[in-house]
Amino acid sequence: MDIEMFRETVLSFPGTTEEIKWEDNLCFMIEKKIFVMYSLSSGSLALKINPEEFEELIARDGIRQAYHLARGQWIGVSSFDVMPVSELKKRIAESRALVLSKLPKKTQAQYI
């Protein structure tokens, strides 16, 4: 996967917006809630994951707790090459679903 394929994948989800925050982080959001970030300077990603998978994922090479976000069960992925494309797409969709699930039911219904 490259940055363009990544952007295309993430922006394909209904209601997704993108914005640069904190100087070099390309943030993808649903209702202004971030569900995945890409660092333009390092090429790394951060995404929310299911808490039950947290320990298993951070044990893998190239994956760690996301700085400043680990308390919320976010992982940092050092590059697109750390996971197969299919897994990365699945994890992005899961991250979006986890963030969306915290929004009001009426808002969730708009994006399902």
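**Aromatic ring pairs**

Mentor: Let us begin with Phe13, which is buried at a relative accessible area of 18%, where buried means under 20% relative accessible area with a 1.4 Å probe and protein chains only. This is a predicted model, in which local features need pLDDT of at least 70, side-chain atom pairs count only at pLDDT 80 or more, and totals for chains, interfaces and linings use all residues. Residues are numbered from 1 along each chain as its sequence is written, and side-chain values use heavy atoms, with hydrogens and water left out.

Trainee: How many aromatic pairs are there?

Mentor: There are five aromatic pairs, counting rings of Phe, Tyr and Trp (its six-membered ring) whose centres lie within 6.5 Å; planes under 30 degrees apart are stacked, over 60 edge-to-face, and the rest tilted.

Trainee: Why is the pair of Phe6 and Phe80 tilted?

Mentor: Their planes are at 45°, with the ring centres 5.3 Å apart, so the pair counts as tilted. Phe6 lies in helix α1 (residues 3-11) and Phe80 in the loop between β6 (74-77) and α3 (85-100), so that distant parts of the chain, 74 residues apart, are linked; helices (H or I, at least four residues) and strands (E, at least two) are DSSP runs numbered from the N terminus.

Trainee: Is Phe80 buried or exposed?

Mentor: Phe80 is buried, with a relative accessible area of 10%, and Phe6 is buried at 0%.

Trainee: Which residues form a cluster?

Mentor: Phe6, Phe28, Tyr38 and Phe80 are linked into a cluster by ring pairs.

Note on methods:
Buried means under 20% relative accessible area, exposed over 50%, partly exposed in between (1.4 Å probe, protein chains only).
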